[in-house]
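Please look over the model below with me. My notes follow as numbered points.

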Amino acid sequence: MPENRLIDKKQQMKYLEMNAHAAGHHMGTTRMGNNEQSSVCDSIGKVWRVKNLFVLGASLFPRSGAANPGLTSIALTLRNLKKIIETH
């Protein structure tokens with residue numbers, strides 16, 4: 001809010017409408033892929049060329065989608081954990 005003054009609800013709503021443009025989920029910061037030139041890790045989250053380092057969660061997504069990523073992130077994490085346990 002501008003400065004430290006009290007404002008009424010109407011002013012609060014106006015401020016939010018003018019300043020709160022969008023919300024988002026942080027995804028794709030350690031994207032998975034098929035090669036280290038275009039991604040940070042493989043499809044189960046193993047970081048390229050770093051022994052025993054795995055990444056889990058929405059940061060693996062190649063890009064952001066339109067829907068809330070919560071369930072997809074959980075499903076991907078559980079799948080990857082199972083594969084990591086089986087292979088390492």
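1. One salt bridge turns up in a search of the whole structure. The term means a side-chain nitrogen of Lys or Arg within 4 Å of a carboxyl oxygen of Asp or Glu. The partners are arginine 49 and glutamate 36, with their closest N and O atoms 2.7 Å apart. Both residues lie in the loop between helix H1 (9-19) and H2, so the pair ties together parts 13 residues apart in sequence. Helices here are DSSP runs (H or I, at least four residues), numbered from the N terminus.

2. A caution on the source. This is a predicted model: local features need pLDDT of at least 70, side-chain atom pairs count only at pLDDT 80 or more, and totals for chains, interfaces and linings use all residues. Residues are numbered from 1 along each chain as its sequence is written, and side-chain values use heavy atoms, leaving out hydrogens and water.

3. How exposed are the two partners? Arginine 49 is exposed, at 73% relative accessible area. Glutamate 36 is partly exposed, at 35%. The cut-offs are over 50% for exposed and under 20% for buried, with partly exposed in between (1.4 Å probe, protein chains only).

4. Glycine 70 lies in helix H2 (residues 70-87). Glycine 70 is partly exposed, with a relative accessible area of 30%. Alanine 58 is 12 residues from glycine 70 in sequence, and their C-alpha atoms are 8.1 Å apart.

5. Leucine 71 also belongs to helix H2. Its relative accessibility is 72%, so leucine 71 counts as exposed.

Methods. Helices (H or I, at least four residues) and strands (E, at least two) are DSSP runs, numbered from the N terminus.
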